[in-house]
Amino acid sequence: MIRFILRRLMGLVPVMLIILAVAFTLMRVAPGGPFDQDKAVDPQVKAQLMARYQLDKPLPVQFLAVLGSYLRGDLGPSYRYPGRSVNEFIAAGFPVSVQLGLVALVFSLLVGLAAGIAGAVWQNRWPDHTAMAMALIGISVPNFILGPLLILIFSVTFALLPAARWDSWQHMLLPGVTLGLVYAAYIARLTRGGLLEVIRQDFVRTARAKGLSERLVLFRHTLRGGVLPVVTFLGPAMAGLFTGSLVVERIFNIPGMGPYFVDAALNRDYTLALGVVLVDAGFLLIANLVVDVVYGLLDPRVKVG
Amino acid sequence: MNAPAEQLAPVLEPAPGEPEAAGQSLWQDAWRRLRKNRAAVAAGLTLLAIILFCVVGPWLSPWRFDVPDLEYGPQGPSLRHWFGTDALGRDLMVRCMMGGRLSLLIGLAATVVSLSIGVTVGAVSGYFGGRVDALLMRLVDVLYTMPFIFFAILLLAIFGRSLVVVFVALGAVTWLTMARIVRGQVLSLRNAEFVQAARTMGVSHLGIIFRHLIPNTLGPTIVYATLTVPAVMLQEAFLSFLGLGIAAPDASWGLLVSDGAANMTFLPHELIFPALLLSITLLCLNFLGDGLRDALDPRMRFD
Amino acid sequence: MPLLEIHDLHVTFRTPEGPVHAVDGVDFTLERGRTLALVGESGSGKSVSSLALMGLLPSPPAIVRGGPCLFEGISLLEAPEAERRRLRGNRMAMIFQDPMTALNPFLTIGRQLTEVLEVHRGVEGRPARARAEQMLHDVGLADPSRAFDQYPHEFSGGMRQRVMIAMALLLEPSLVIADEPTTGLDVTVQAQILALLKERAQKNEAAVLLITHDLGVVAGTADEVAVMYAGRIVEHADVDTLFRAPRHPYTRGLLQSLPRLDSTPKVELSVIPGHPPDPVRLPAGCPFRPRCRVAVERCAHERPALQEVAPGQRTACFVAEGA
């Protein structure tokens, strides 16, 4: 098991290098640079700045320099916010983004699993129809519509919940739901489908033949196999949570990493954008690894290690 | 502009001159099952109505999408402006129609990009197998792990907000699953008798792939494409919302929703109308995709 | 009092094509310690009957009627679900056809055994483990304490069927229903499994209801045989009588289609012509009539009942009655 994880971690290194190289190249071949927008900067100062940040060297040399400082844990200085390091931005934003993602993930798992189980247990009856209709709607209402609507209802009209910032648990409710609902919908559909698939299996009949209660049949014999599709889905879902958080953080004015990334890309703040790509991509790759390990733990037929 | 629902009927006919393409009865069966699925039919008709509304509507409306009605100003719905006007006093209904044109166009165009790449890669990979297959699928695996939206954002931020970049960025993001599906299909077909026959008759590799194999993967391809359209529209809207998609005064539904969200406290209708149109369209496309999947093969799953 | 008394059991499935009478009036009794084989082609209703007795048919679409059907004096069709659940796995146990799919792939063998003890006896932990390992040893697993922690996919089909038998017999039920327990196993393994089943059942003095389409299995294992056709028992006799002097034309056909060691190779195996009837549209009269070589006028519109035609032999056939 440990060896499997270590081997997979080693496998992530080249993937990470490719991601960084592509992002680095994309930014550098684009016209413009971090010090171009401000017309006030005179050419001499600009040349000095370029030299200080080693932007005058050939690209491969710069890329190697970047990798070198990453190895030392230094994400470099921000070009657009003088005196502040990328590490600072990420230390401030990343925990908030992760919190938001976790709230959304927990919400989507709770709601999605419950709805999916209800749908499978009462297949083709009203709880099923209700849950699946809700799921289709959940899939079709994008978070950037849901967020403003929720604000309109809960903050503007009824003044029940705050519409912005990230200070207490009340602040987490609306953004969490906004970000998580789509995944709740997908998880509900996957859970229902997975359970119905397993319920038809012979071993579920065996469990009933042993005189187990329906509750035991469901929770001990059916659920584990039934949620496997959900576990598989969690990998892509993590990626989606990150993407979605770009929007949700903007809607609810949450001080996460999302806004930095878009602005950094627009402003050619190379170090900051690359730093965000590094952290987010790294987190995603590791999350996918965790999902694979969990899958292996749930399904004894899958050999892990 | 071609609409998915309008295309449906012709596409479901077997391609002429393809005797080994899935038999007539399969498509007829699927078509019959689809028509029996009331939700899918309702979704298709609604979609058709929305498409007509967006395509024909602007010609019938007295208002232009980029010219404000200065004497009316920003206000809610009325007989003069059925959807009301936006913050600058422009007729919201015409803006929604124009936005719909663009959103649907992007959805279709990016799906075509995604289809072309995905089907080609998948078919080549599945047909040649061996080292080609291993290489291409390894590539797909690596690309799967990439946070693509970052690259899309980087592309748009760096090369500017042009429609072409949006197509390419979105198409490039969505072809991976398509490639896997087609590869699986081709893999199971490549040793079928009709392929062997074509091979012994000296048909070239490309000829076999494009004339014989790809037509036989149409079923899953159509279904997945139907589900790709809403996914792409969603992505476009999402990019527009972040201020990276279409630029004003042009409009897409995503941009309209974004504007509406900004003004929702005093002009809630500006959020609600484009949000409704976008959501209903996505809902219909999803229903239609589900219906097509059930009609073509109840066992097929893309989850 | 017999262990199991079944009267006029009916099972109907509601389908879009109309109701399907899968079991259409089945009667039999089974004494303690005896083995009754239910024999028939697939679709004859033998598996459905056994599932109905266990209470494992999903309803809808299945509707189970008839009666009285008594097991240890308890009316199966009238007992509340909780009471039936107490019987299942405890007083009556079932061994299923395909050991590859009948065991839960996500749980260890041990867990699947001990949960029976836990649910019905409240035995958990170490004592449950000891009891389960003993049972695994009894059914012939070489290393029970290792097998306890293994998963089904780590075993061969024959081994899994041994585990199934261990699971079914763990609580010493008085009735074991074995539904095609050897189908899909190697021929040598089949014999071992049947011998094991017989041995374990005898040790517990359990009755066995053996569901099979394989008359070869019946000959070596059963005490009595009931032949089913189109949802009904058409002939019921002790195993010797049935093999020696079958009276129903369907039973005769089945026996003649068996390859025999002493038959001359020139003689072709006879196969019953035609197909079993469509269960949605059963013909009037005797359901076997369309395939029957000896049918008479009366068979076309009247349904023969199961009648005693010889001591200990009951047959549902007008021609056999007359003979």
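Q: Of the 2 pairs of chains in contact, which chains share the most contacts?
A: Among the 2 pairs of chains that touch in this predicted model, chains A and B share the most contacts.

Q: How do you know that chain B and chain C are not partners in contact, and how far apart are their closest C-alpha atoms?
A: No contact joins chain B and chain C. Their closest C-alpha atoms lie 15 Å apart.

Q: What makes up the contact between chain B and chain A, counted in residues?
A: Chain B contributes 35 residues, and chain A contributes 39 residues. Together the two chains bury about 3400 Å², and 84% of that is on carbon and sulfur atoms.

Q: Which helices of chain B each supply at least two residues of the side that touches chain A?
A: They are helix H6 (148–159), helix H10 (218–241), helix H11 (253–262) and helix H12 (268–296) of chain B. H12(B) gives the largest share, with 11 residues.

Q: What makes up the side of chain B that touches chain A, class by class?
A: That side has 28 nonpolar, 4 polar and 3 charged residues.

Q: What kinds of elements does chain B have, and how many of each?
A: Chain B has 12 helices and 0 strands. Reading from the N terminus, its elements run α-α-α-α-α-α-α-α-α-α-α-α.

Q: What share of the residues in chain B is buried?
A: Of the 303 residues in chain B, 53% are buried. The accessible surface of chain B comes to about 13200 Å², with 64% of it belonging to carbon and sulfur atoms.

Q: Why is the pair A:Arg220 and C:Glu118 called a salt bridge?
A: The closest N and O atoms of A:Arg220 and C:Glu118 are 3.3 Å apart. The cut-off is 4 Å between a side-chain nitrogen of Lys or Arg and a carboxyl oxygen of Asp or Glu, so the pair qualifies. The rule finds 3 salt bridges across the interface of chain C and chain A.

Q: How many polar pairs join chain C and chain A, and which helices of chain C each supply at least two residues?
A: The count is 12 residue pairs in polar contact, both residues being at pLDDT 80 or more.

Q: Why is C:Thr108 called buried?
A: Its relative accessible area is 18%. Buried means under 20%, so C:Thr108 falls in that class. C:Thr108 sits in the loop between helix H3 (99–102) and helix H4 (109–121) of chain C. Not counting residues up to four places away in sequence, C:Thr108 touches C:Phe148, C:Asp149, C:Gln150 and C:Tyr151.

Q: What makes the approach of the C:Thr108 side chain to C:Arg111 a polar contact?
A: The side chain of C:Thr108 reaches the backbone nitrogen of C:Arg111 at 3.1 Å.

Q: Is C:Val20 buried or exposed, and where is C:Val20 found?
A: C:Val20 has a relative accessible area of 13%, so with a limit of under 20% it is buried. C:Val20 is found in strand E2 (residues 18–30) of chain C. Leaving out residues up to four places away in sequence, C:Val20 touches C:Val11, C:Thr12, C:Phe13, C:Thr15, C:Pro279 and C:Val280.

Q: How do you know that A:Phe89 counts as buried?
A: A:Phe89 has a relative accessible area of 2%, under the 20% limit, and is therefore buried. A:Phe89 lies in helix H4 (residues 86–121) of chain A. Setting aside neighbours within four places in sequence, A:Phe89 is in contact with A:Ser78, A:Tyr81, A:Arg84, A:Tyr260 and A:Leu272.

Key: Residues numbered from 1 in each chain as written. Chains lettered and ligands numbered in written order. Predicted model: local features only at pLDDT ≥ 70, side-chain atom pairs only at ≥ 80, totals over all residues. Heavy atoms only, no water. Helix = DSSP H or I, 4+ residues; strand = E, 2+ residues; numbered from the N terminus. Buried < 20%, exposed > 50% of the residue type's maximum accessible area, 1.4 Å probe, protein only. Polar contact = N/O pair within 3.5 Å; in protein donor to acceptor, adjacent residues only side chain to side chain. Contact = heavy atoms within 4.5 Å. Areas by Shrake-Rupley, 256 points an atom, 1.4 Å probe, with all protein chains shown as cover. Buried area = accessible area lost by both parts, 1.4 Å probe. Nonpolar A, V, L, I, M, F, W, Y, C, P; charged D, E, K, R; others polar.
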